[in-house]
Amino acid sequence: MSSTNSVFAIPEPIRKFFSIFPLYTYPAPENPYSKQITKPTLWIQPPRKLELDGQDYFSRDVECLKWQAYLSLRGITDFDVRWDVAEEAGVGGHLPTLQLPNGKLLSTMRIPMWADTVQNSPIDTLEGYKDAEARDESRAWVSLLEGAVHSELEIANPKEQTLTSVLSDGPRRALESVVHPPPAPLSGISTPFPPSGVQIPSYPVHLRYRKAIQSLSDRLGTDEWLLGSSAPTALDALLFAYLYTALQSPPAVKREVERHPNLVNWESRVRSLVTPSKQAEI
């Protein structure tokens, strides 16, 4: 008996209806680290502008840019970058992530140890700072950059909202560190969904940002590196990332940095030292 006469045959009207919606099959998505690479490759968020002279692939994300600068300032210049990898593919669901030619993936916490191994550097308990006091002071400057300065940049350069970012309270925690009392959520007060968004009083955030930039300018002075180090440290990489991003931001944010010639000149000098990474062939 033919299938068309079978009791299990699909009636002709239904067959014609479903033919309007043909079923397509697509190849499985490419594994982001299945392609063989020949040099370390840093997975980053995309650059702010891909047409930056065709070569300067500085990420639009401060954290990613920090690690681009860190590798270059450590003297590790032979590395590529790629930004076609979703953030969820990174170690711990975050970017940046460093992929090694052997296929191993490193989180940012493991990059300094890897850099020490590559350069055969001895363990430095001072982390490159001139003394223990400067090392301890660096913690305060990191908090200032990741608190007051970061919050201003978050407001000035809002990121695209995704379901993950809406359900995450990361941006809210960052703003709570500089806004008192903490900002109220935009939604979620009387709904079963978690609070999302923040009602941002921009003036207090900008005022703290202005004071932070002034403090950074005063502390840097005419030194070659922040805190008087003889060579660049992780703090210098972080400072460069924030100054570069601020100078690419809207006028109100950019202007606060431009008020301090020593910061502008320092950023320009360090930018010339940070190797313009090449995009990995993908």
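Which side chains meet in a salt bridge of 2.8 Å, N to O, with lysine 39 as one partner? The views below come from a predicted model.

**View 1. Lysine 39 pairs with aspartate 78.** The two side chains form a salt bridge, 2.8 Å from N to O. Lysine 39 sits in the loop between α1 and β1, and aspartate 78 in the loop between α2 and β2 (80-82), so this pair ties together parts that are 39 residues apart in sequence. Lysine 39 has a relative accessible area of 15%, so it counts as buried. The whole structure holds 11 salt bridges.

**View 2. Aspartate 116 meets arginine 74.** Their side chains form a salt bridge at 2.8 Å, N to O. The pair links distant parts of the chain, 42 residues apart: aspartate 116 belongs to helix α3, arginine 74 to the loop between α2 and β2. Aspartate 116 is partly exposed, at 26% relative accessible area.

**View 3. Arginine 269 bridges to glutamate 224.** The closest N and O atoms are 4.0 Å apart. Arginine 269 is in helix α10 and glutamate 224 in the loop between α7 and α8, so the bridge ties together parts 45 residues apart in sequence. Both partners are partly exposed: arginine 269 at 28% relative accessibility, glutamate 224 at 48%. Glutamate 224 also touches tryptophan 266.

**View 4. Arg210, Glu256 and Arg259 form a network.** Salt bridges link these three residues.

**View 5. The largest nonpolar core has 57 residues.** Leu42, Leu71, Trp114, Leu145, Phe240, Val257 and Trp266 touch the most other members. Elements that each supply at least two core residues include β1 (41-43), α2 (62-73), α4 (132-156) and α10 (261-273). Helix α8 gives the largest share, 11 residues.

**View 6. Tryptophan 266 and its contacts.** Leaving aside residues up to four places away in sequence, Trp266 touches Leu220, Asp223, Glu224, Trp225, Asp236, Leu239, Phe240 and Leu243. Phe240, like Trp266, is among the core residues that touch the most other members.

**View 7. Helix α8 is largely enclosed.** Of its 14 residues, 13 are buried, so the rest of the structure largely encloses this helix. At 1.5 Å a residue, α8 should span 20 Å. Its end C-alpha atoms are 20 Å apart, which agrees.

View 8. Phenylalanine 17 is in helix α1 (residues 12-19). At 48% relative accessibility, phenylalanine 17 counts as partly exposed.

Methods
Residues are numbered from 1 along each chain as its sequence is written. This is a predicted model: local features need pLDDT of at least 70, side-chain atom pairs count only at pLDDT 80 or more; totals for chains, interfaces and linings use all residues. Side-chain values use heavy atoms; hydrogens and water are left out. A nonpolar core is a set of buried Ala, Val, Leu, Ile, Met, Phe, Trp, Tyr and Cys residues joined through side-chain atoms within 4.5 Å. Buried means under 20% relative accessible area, exposed over 50%, partly exposed in between (1.4 Å probe, protein chains only). Helices (H or I, at least four residues) and strands (E, at least two) are DSSP runs, numbered from the N terminus. Contact means heavy atoms within 4.5 Å. The expected span of a helix is 1.5 Å times one less than its number of residues.
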